[in-house]
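Please look over the sequence and the model before reading on.

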Amino acid sequence: MQAKRLALMGIFAAVAITLSILENALTAMLNFAVPGVKIGLANIAVVLALQYFGGGSAAIIGAIKACASFLATGAVTVLWFSLGGTALSVLGMVLLHRSNKFTLAGVSALGGFLSNVGQLAVMILLSGTVEFLYYLPVLTLFGVGFGFAIGVIANLVCRNLRLGGTAAR
């Protein structure tokens with residue numbers, strides 16, 4: 001069973017890295033109108049890891065995703081923003097998921113919001129100014145919306161895959 005878990009974690013990590021690279025390419029090509037807003041496609045793998053293996057595995061996939069983003073861009077700030085957003089996001093999603101009162105869409109919506117809060121916190125720490133908080137309402141709208149959509153997609157994947165672990169809610 002441990003070998004199967006390790007293999008699935010490798011697959012989830014590969015999916016996260018692939019989706020992150022794809023999203024970065026799409027973002028660059030489409031020149032999205034709202035600065036700093038990303039869909040968060042790689043978080044599908046993080047949510048799946050949370051659902052099937054728990055918070056520790058979700059944190060590992062999130063950290064791998066953050067490091068891969070750094071390696072793809074070479075920008076240290078990308079690493080800090082990604083780690084800040086991922087850490088807060090995963091923590092919140094783990095706590096909400098443990099309550100067994102929310103669907104994956106609800107859990108992921110919180111994750112989308114907290115990811116933006118974590119990234120704003122890094123921005124405030126790096127810049128020394130809290131003025132970036134004015135952007136929180138815009139980021140909240142997109143973070144919750146895209147987070148919800150990511151959760152819906154993750155739930156559809158759970159319903160169509162038989163991987164063991166926790167059943168999709």
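The model is predicted, with a mean pLDDT of 89 for the protein chain and 93% of its residues at 70 or more. Over residues 165-169, however, the pLDDT is below 50, although this stretch has 17 contacts in the model beyond near neighbours in sequence. Where pLDDT is low, the predicted coordinates should not be read in detail.

**Helix α1 and its packing on α3**

- Helix α1, which covers residues 2-30, has 29 residues and reaches 41 Å from its first C-alpha to its last, close to the 42 Å expected at 1.5 Å a residue.
- The buried residues of α1 are Leu 8, Met 9, Phe 12, Ala 13, Ala 16, Leu 19, Ser 20 and Glu 23, and they pack against α2 and α3.
- An α-helix has 3.6 residues a turn, so residues three or four places apart point the same way.
- The axes of α1 and helix α3 (residues 55-73) come within 9 Å and cross at roughly 40°, and the crossing is right-handed.
- On the α1 side, this contact is formed by Arg 5, Met 9, Phe 12, Ala 13, Ala 16, Ile 17 and Ser 20, which meet Ser 57, Ile 60, Ile 61, Ile 64, Lys 65, Ala 68 and Ser 69 on the α3 side; by class, the contact of α1 with α3 has nine nonpolar, three polar and two charged residues.
- Ser 69, a residue of helix α3, counts as buried because its relative accessibility is 8%, and, leaving aside residues up to four places away in sequence, Ser 69 touches Ser 20 and Val 78.

**Packing of α2 on α4**

- Helix α4 (residues 76-98) packs with α2 at an angle of about 35°, their axes being 11 Å apart, and the crossing of α2 and α4 is right-handed.
- From α2 the contact draws on Val 46, Val 47, Leu 50 and Gln 51, and from α4 it draws on Val 90, Met 93, Val 94 and His 97; by class, the contact of α2 with α4 has six nonpolar, two polar and no charged residues.

**Helix α6 and its cover**

- Helix α6 (residues 136-160) has 25 residues, which should span 36 Å at 1.5 Å a residue, and the 35 Å between its end C-alpha atoms therefore agrees with that expectation.
- Within α6, the buried residues are Leu 139, Gly 143, Gly 147, Ile 150, Gly 151, Ala 154, Asn 155 and Cys 158, and what covers them includes α2 (43-53) and α5 (104-127).
- Val 138, also placed in helix α6, counts as partly exposed because its relative accessibility is 31%.

**Separations in sequence and in space**

- Val 138 and Met 29 are 109 residues apart in sequence, and their C-alpha atoms are 22 Å apart in space.
- Gly 106 and Gln 2 are 104 residues apart in sequence, with 29 Å between their C-alpha atoms.

Methods. Residues are numbered from 1 along each chain as its sequence is written. This is a predicted model: local features need pLDDT of at least 70, side-chain atom pairs count only at pLDDT 80 or more; totals for chains, interfaces and linings use all residues. Side-chain values use heavy atoms; hydrogens and water are left out. Axes are lines fitted to C-alpha atoms, for helices over the stretch in contact, and angles run from 0 to 180 degrees between N-to-C directions. Helices (H or I, at least four residues) and strands (E, at least two) are DSSP runs, numbered from the N terminus. A crossing is left-handed if the near helix is turned anticlockwise from the far one by less than a right angle, and right-handed if clockwise. Contact means heavy atoms within 4.5 Å. Ala, Val, Leu, Ile, Met, Phe, Trp, Tyr, Cys and Pro count as nonpolar, Asp, Glu, Lys and Arg as charged, and the others, Gly among them, as polar. The expected span of a helix is 1.5 Å times one less than its number of residues. Buried means under 20% relative accessible area, exposed over 50%, partly exposed in between (1.4 Å probe, protein chains only). pLDDT is the predictor's confidence in each residue, from 0 to 100.
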